There are 2 protein chains.
Amino acid sequence: MTKKLVIHLISDSTGETLRSVGAAAAAQFENLAYEENVYPLIRSKKNLERVYDKILENPGIVLCTIVDDEISKMLEEFCSRNKISYMPFMNNIVSLIETETKTKATKKPGGQHQLNDEYFKRIEALNFTLEHDDGQNTDTISGAEIILVGVSRTSKTPTCIYLANQGIKAANIPLVPEQELPNFLTTSNDMLIVALITTPQNLVEVRKKRAIELGLDPKKDDYTNINTVTKEIDDAKRIFNKMGWPTIDTTRRSVEETAAAIMNIRAQK
Amino acid sequence: MTKKLVIHLISDSTGETLRSVGAAAAAQFENLAYEENVYPLIRSKKNLERVYDKILENPGIVLCTIVDDEISKMLEEFCSRNKISYMPFMNNIVSLIETETKTKATKKPGGQHQLNDEYFKRIEALNFTLEHDDGQNTDTISGAEIILVGVSRTSKTPTCIYLANQGIKAANIPLVPEQELPNFLTTSNDMLIVALITTPQNLVEVRKKRAIELGLDPKKDDYTNINTVTKEIDDAKRIFNKMGWPTIDTTRRSVEETAAAIMNIRAQK
């Protein structure tokens, strides 16, 4: 029987950090079914009391990021009374920063979601990326910090959106068989252009799935034929080589990992 | 003089969790300039050694998520030799889960980026959301789990993308002055429809900024005129009331906070 790991994530903010920590922790265990329960915006005793029943119904570990001392204390006592493991994992880090910088923490919830310059930079990057998805609006593409190039379905779009969430203006240009590269790609020297590639087998699989999603017949088309797809990829590789673009194989990589590889290329430029 | 908090985030995976934790910690301090340095995909001694110089050039706190014992030990020793604060904050959480579930951690890096069902669900949600942005493809909108409705520039698109990153198929429909609501919004009973609203002052400001970004004259248009915008919002509120849609004021809320509020509405349905 597979064991089950139930984690209750209780946050006075959006719960984003907790979700990320919970998933990273759970990923260290094989054969453990993972169930996360997220309770965001818990900022009062009343909010907190509503969570108690849900924890008791389905006991598990409590991870929390609650900066208010009183509410955090209440939750700690509730867990201790009910013999539930409780971990306010940010406390150590905040204490370390206090010691290191000789500054006191403010204990205001949700501070990382301030509508500050960095936030607006991210939203602006997202707007830019959506407007420059899939070869759109090339007249304003010179504003891009990173341009991804690749044949259809090599995860250009989700990778760009992930980069945009980090405040980076990313655009992407599809490589279409028998079509010339747009001019700005061959003349520009100062933009970081990265090529994405995958194996023909993988691409055929992804494209077939995609065709079915769109209600098309996946067998009918050069788009999913292994021979034409192999040629399409070979041609793309030749172009990438000729242009000297760094190339990332996305075959067994998640979007997050592809983005991390792109950021490494960028840091080394 | 503003003090500066330098954090080095060293990850054997994408660094996403670390970035989130670092930002949440830094947000607890006012009057501290924050500088984060992310080193993703550190999976060998050679990778790690390249990071040393960068830390020594610009000393600060080291937060890390490295599961390999040998590499993690090396980094710990480096920090101790150089009197740099070091915190592998996932260790406590992983130990807690080991104790709780009587299961051993696998210590494989990057486990949370497996190309599993959940991953593909997220990518599928992102595709769906992009295809159903801003009122597109309404013939397939019945696949949406959440539909956001609002006048132009109330953060419908970035909120939908944020929800999609959590695996939720979210679509959004613009409310256009003098135009009827699309049929499926008035007849559907089983979709969660949430309305976004903001103040006229805020909307005018956001739209003016947007017009400038697009190279337009922000003064020329009903789109940014306070009187017409006020009427537009009043009309929208009347519709939301009449339809009984839960409404979120996004005025001083980040996209993450709006999404958290939507998830709370969804949990209570």
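A word on ground rules. This is a predicted model, where local features need pLDDT of at least 70 and side-chain atom pairs count only at pLDDT 80 or more, while totals for chains, interfaces and linings use all residues. Residues are numbered from 1 along each chain as its sequence is written, chains are lettered from A and ligands numbered from 1 in the order in which they are written, and side-chain values use heavy atoms, leaving out hydrogens and water.

On to the interface, with contact meaning heavy atoms within 4.5 Å. The copies meet through the same surface, because 100% of the interface residues of chain A are also interface residues in chain B.

Now the rings. Over all chains there are seven aromatic pairs (Phe, Tyr or six-membered Trp rings with centres within 6.5 Å; planes under 30 degrees apart are stacked, over 60 edge-to-face, the rest tilted). A:Tyr119 and A:Phe120 are edge-to-face, since their planes stand at 80 degrees, with centres 5.3 Å apart. A:Tyr119 is buried at 7% relative accessible area, and A:Phe120 is partly exposed at 36% (buried is under 20%, exposed over 50%, partly exposed in between, with a 1.4 Å probe and protein chains only).

B:Tyr52 and B:Phe78, by contrast, are stacked, 3.9 Å centre to centre with 5 degrees between the planes. This pair links helix α2 (residues 45-57) to helix α3 (residues 69-81) of chain B, its members 26 residues apart; helices here are DSSP runs of H or I, at least four residues, numbered from the N terminus. B:Tyr52 is buried at 12%, and B:Phe78 is buried at 3%.

There's a charge over a ring, too: A:Arg207 lies over the face of A:Tyr223, 4.3 Å from the ring centre (the cut-offs are NZ of Lys or CZ of Arg within 6 Å of the centre and within 35 degrees of the ring normal). In chain B, the charged end of B:Arg207 sits over B:Tyr223, also at 4.3 Å.

That's my tour. Thanks, everyone!

How values were computed. Helix = DSSP H or I, 4+ residues; strand = E, 2+ residues; numbered from the N terminus.
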